[in-house]
Structures are given as structure tokens and as C-alpha cells.
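Hi,

Here is the structure for you to look over. My notes follow below it.

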Amino acid sequence: MLALLADIGSTFTKVTVVDLARAEVAATAQAPTTVEDINLGLGAAIHAIEERLPLPAEQVAFRLACSSAAGGLRMVTVGLIPALTVEASKRAALGAGAKVVGVFSHELTDADLDAIAGLKPDIVLLTGGTDGGNERAILHNAAALARSRVRAPVVVAGNRVASDRVCAILQSSGREVWVTENVMPEVGELNIRPAQEAIREVFLKRIIVAKGLDKAQETFGILMPTPTAVLRATELLAVGTDDEPGLGDLVVVDVGGATTDVHSAADGRPTKPGVVWKGLPEPFAKRTVEGDLGIRYNAPTILEVAGKARLCRAIGWDEPDLHGIVSRLSAEVDYVPRDARAETIDVALARTAVEIAVDRHVGTLTVVYTPFGEMAVQYGKDLTEARYVIGTGGIFAHTQAGRKVLEGALFDPQNPTSLRPVHPEMRVDKPYIMAAAGLLAEREPTVALRLLKRNLAPV
Amino acid sequence: MADESVANAPKGRVVTGVIGADVHVVGNRLLAMALERAGFKVINLGVLVSQEEFINAAVESNADALFISSLYGHAELDCEGLREKCIEAGLDDILIYVGGNVALGKQEWSEVEKRFLAMGIDRVFPPRTPPKVGIELLERDLAARKRSKG
């Protein structure tokens, strides 16, 4: 039996056919995504496969899809205190596969409401207050959203005591509201799964319809945004199933044209004794997205963030036309390097993006001087003992320089407070299998796990 | 999850923690347990807590009081400006209690207390004060506040 797994991306629709009995990729193909009728692109990709591999209906067990087409899942999150519910709501949205286009705190102003309307979110996640805690902010913000131009459905995941009133305020103004559990029921306690489930439900019931993607439902069931599928695959690969062991703690870096995503599956607790762990608890499966780091659209911001000297060190020579090169890359987003020199620059951009993105993802160790001597305080995840670092994205699929790019994720003795992996094994996703495996995990987790283990190549 | 039903409504919400670069964990933990047993909802931030963390937790949880422990003698420095920051954060009438070993060396307690009160701390407690003293005063202060608000 075969499974057809589609990743409907912003530019390409990729279809992977998996032979379920052998846990192997039987065929893959891609075609340009057709937003006007998503089935055209899907059909073209499947047609390309059928030229090589017949797909008789009785052989196809199921068809599943994930989508980042039509702008992905755009979300705005609103919380109260930046270090608490604001951060929790942002993490909830990122873990639900959203593109977080705006993050707001405290009581929304008219200027904030204008900004939110301008961001055109698909969903607003409204939080604030622990259960039984602050009500004023979330009630104020519900009223503000109710009278604003923002028409997006609202997922309410704040102070439980205020939820009914928040819901009533929003509903009375005609907003669609989903009420779920608080993302932070107690100070410092993270509870983001219920909000993520609500986001997924809104995505399935409303967003794919609003974006015209529901036509695909006739042939493929769209299950989730693509980043969610990648995060699922990451978690599955780390944890394993009852029938097949996982690989242990790992980090996945996804280098794209516009963003660099980092996924980690690890609890991240301190690996050294005597360290005080502070800050919000960390989700086991954590996704961070760097919207300013991508090797096409956002190549200029990689240069901006890293600086010319650092990027030239990564390239290996002093490139005089660096500014010209990155601005051409950002204009020509489907550019594929044609010679070794251009590829070296591409690899250096990707490596630098990985360095910065992983640095922002991992935790830090800071030393506090107390009257009793030095105390080490950790914020975020300690990933020094992660066993694998895995690369996915075009740079890993199309070049042989995967290892060089992934080395950007490693612990740097010059920057010892950044808790990056010290001696992980490295693997690359040559056949673009991560999203497909995350989808497959919904139905056949063990097959998905075997597929991942076989297809992620050591480098 | 905390039960907020009317029958079990807490007497109040208290944020506890050890301020500054102080890692004495025990006294604060005992205080938190005593507060909980007395019927308060406790948000315990543990050790090495900054002023900002106290304020963030208090805003998000709509706390009635901060119970700040300090055992290493630097409480005065660590608490400086806290009242002003609370007001800035909208915590206009939060109660702030400080206790532990709040001053170094042999100092007249009345002088120490005066300095803390001048900083806007509502109550400060000398070493070896049992938790129940602070808790009784908290109950009294909260009741008085309720009355004055009508």
C-alpha cells in the first residue's frame, strides 16, 4: 500500500509517495503551486509521478497534505507581560506552525489596533493574566479588538476567570471566538497545547476555506500547516514509538529563502550540577523562527545582522561585491548557484544564518556573583548534549556542503555561554522528507520514524 | 490548576521569593508553605529573583502582596526603587513586606525599619520572626484595605 503525502508550499507543491510496507520513498515529484485552484498543482505533481510509478486507487491507503501556501498561517499574539504571557502566547503560536507577524503586550492602543489590522492576521491569539489573576488587560483588549477593523477569528487562551466575558464581548461584535485553556495558568507554568489544538481547529475549519485551499480537501486532506509537520517529525525522531526507538535529543535547522527555523526536541534541563534554571519552562518540542534570516528574500538582512567581516570569514575571501550579491539574491528568489564561487557564498550565508538562529534558539548560561561565590544561572534550553543536528531545506538537498552549514549550529568555545550542541552527529534531509514524515506520523508513526531514520543521511 | 470557586477562593494572592543575588532557599520555602496553609494563593519565584520578576509575576497574577525574603544583608540595596517600579507597572496599592536578615552588622532595628518604610516598604521584619506574625499582619492589612475601599 502507498501513502501520498503533499507539502503545498508557497512556490512548489511537493508530493512524496511512501511504500508503507517497506517504509521507503517510492517516488517524489513537484510542480508549481496554483493558489487559484490548488488541485491543479497537486494534479501536475501526481501526474509527474504516474509517468514513472502507476498509482492505482486500490493501492493508495491515504492522501494527506500540509500547507504553507497563500502566506502560511499568519498570526498575531497578544499577552500582558512580555516575559510571561506574551512569551507563552508567542511560543504557542510558533509551535502551532504559525508565522507570527506581530506580538503585542499590555493594553492595546488605537495605534496597536491599526498595526494589527495592517498585518492581516488569519488568527489572533488573545491571552493575558494567570487563572484568577489580572483580568483588566484581557477584558480591555477584547473590547479593543471588538471595536477594531481586525476581523480575524480570535483564540482566547487567557485568565480563565475572565474567559466568558471576553468571549461575550468578542461574539457580540460578530467575531468568531474559540475559548481554550490559559497558556499560563500560573506564573511560570506553560500550558500551550490546548491553544495549539484550538489554532489547528481554526486553521482546518476556517483558514484553509478562507484561502481557497479547501478544494484540495476533495483529494487530499489538509491536516496542518507545514511547520507543524516538521515539528512533529522532529519530536517523533527524538522520542520514537512503542515499536521503534527514537534517536534522543536533537536539533533540526530548516534554512529557507525567507526564514530560518530551528526545532529542538529535548527537555533542555541543565546538564551540569549546581546550575539554577530560571525563566519560563521550555516546551519539549520547541520551534523558533528567525524572520530576518533567509538565504534569498532575507539574504541582505543576514549581511546586516552578521556584518561584512563575519560573512567574509565564512566565505573564505574578501568579497568586494557582497552587497550587490545579497540584493540580487533577494530579488531572484528561485536562483540556484551555477558555479563553485556562487555556491560557496550560498553556503556561507546558510551557515551564518544557522549560527545566528541556533544562538537565538538555545539557552544561555550566565554567572551571577553572590557573597557565597559564583552561581551559574541558565535561561532557556541547554542543548549541549543533543545527540543529533539535522539540516533540512534546499541548501542541504542541493549541495554537498551540508556539514559545513550544520557546523554553524555547534558549540563555540569563543562563545561558551551559548548552550549549543557540543559533539552531535550530523544528518541532512536530502530527499526533503521531514514534512512528509510529519504528516505520515499522524497515521503510521512507526513507518514515519523508519522513513526518517533511513533517509536522513550522515554528513 | 488552582481552584477559584467561591468556596475555595483564596484569602489573597502573594508573590514570594528571595531577592537579589541571594540563594538562601529554605526560609522562603517555609514562608510559602505557611502562607498556603493559611489559605493564601502563593506564587513562589524561588531564589535569585530580580525586582522585575517580582513585578511581572504580581501584574500577571493580580497579586495583593509581595513577600520578599533576604538573608544576605543586602536587602536595602536590592529593594531600592521597587515601590516606584510597582507604581509604574500599575500595582498602585500592592503590599510589600520584607523579612529575613535584612541589614548587616549591629544596627538599631528602629533605624533599619525607618529606612525600609521610607523606601515605601509596608512592613519589614527582624531576624527570626515566625511566619505567622507576617501572615496575621497581612490578613489585618488586607481587611483594612477592603474596608477602606468599601
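I start with a salt-bridge residue. A:Glu135 has a relative accessible area of 23% and is therefore partly exposed. Bear in mind that this is a predicted model.

A:Glu135 pairs with A:Arg165 in a salt bridge, with 3.1 Å from N to O. A:Arg165 sits in helix H5 of chain A and A:Glu135 in the loop between E7 and H4, so the pair ties together parts that are 30 residues apart in sequence. A:Arg165 is partly exposed too, at 38% relative accessibility.

**Other salt bridges**

Over all chains, the count comes to 40 salt bridges. One of them joins A:Asp122 to A:Lys211, and their closest N and O atoms are 3.2 Å apart. A:Asp122 is in the loop between H3 and E7 of chain A, and A:Lys211 is in the loop between helix H6 (193-210) and strand E10 (221-225), so this pair ties together parts 89 residues apart in sequence. Are these two residues buried or exposed? A:Asp122 has 14% relative accessibility, so it counts as buried. A:Lys211 has 18% and also counts as buried. The cut-off for buried is under 20%.

B:Arg83 and B:Asp122 form a salt bridge, with the closest N and O atoms 2.6 Å apart. B:Arg83 lies in helix H4 (residues 82-88) of chain B. B:Asp122 lies in the loop between helix H5 (109-118) and strand E5 (123-125) of chain B. The pair links distant parts of the chain, 39 residues apart. B:Arg83 counts as buried because its relative accessibility is 12%. B:Asp122, with a relative accessible area of 32%, is partly exposed.

There is also a network. Salt bridges that share partners join A:Arg310, A:Arg351, A:Glu355, A:Arg403 and A:Glu407.

**Helix H4 of chain A**

Helix H4 (residues 136-146) of chain A is mostly covered. Eight of its 11 residues are buried. Among them are A:Ile138, A:Leu139, A:Asn141 and A:Leu145. What covers the buried residues of H4(A)? The cover includes strand E5 (74-78), helix H3 (110-119), strand E7 (123-126), strand E8 (154-156) and helix H5 (163-172) of chain A.

**A:Thr392**

A:Thr392 belongs to strand E17 (residues 388-392) of chain A. Its relative accessible area is 4%, so A:Thr392 is buried. Which residues is A:Thr392 in contact with, leaving aside its neighbours within four places in sequence? They are A:Val252, A:Val253, A:Asp254, A:Val255, A:Asp429 and A:Met434.

**Chain A as a whole**

Chain A holds 15 helices and 19 strands. Its C-alpha atoms fill a box of roughly 60 × 60 × 50 Å along the principal axes.

On charge, chain A has 48 positive and 56 negative charges, and their mean positions are 1 Å apart.

Best wishes

Key: Residues numbered from 1 in each chain as written. Chains lettered and ligands numbered in written order. Predicted model: local features only at pLDDT ≥ 70, side-chain atom pairs only at ≥ 80, totals over all residues. Heavy atoms only, no water. Helix = DSSP H or I, 4+ residues; strand = E, 2+ residues; numbered from the N terminus. Lys, Arg positive; Asp, Glu negative; His and termini not counted. Charge placed at Lys NZ, Arg CZ, Asp CG, Glu CD. Buried < 20%, exposed > 50% of the residue type's maximum accessible area, 1.4 Å probe, protein only. Contact = heavy atoms within 4.5 Å. Salt bridge = Lys/Arg side-chain N within 4 Å of Asp/Glu carboxyl O.
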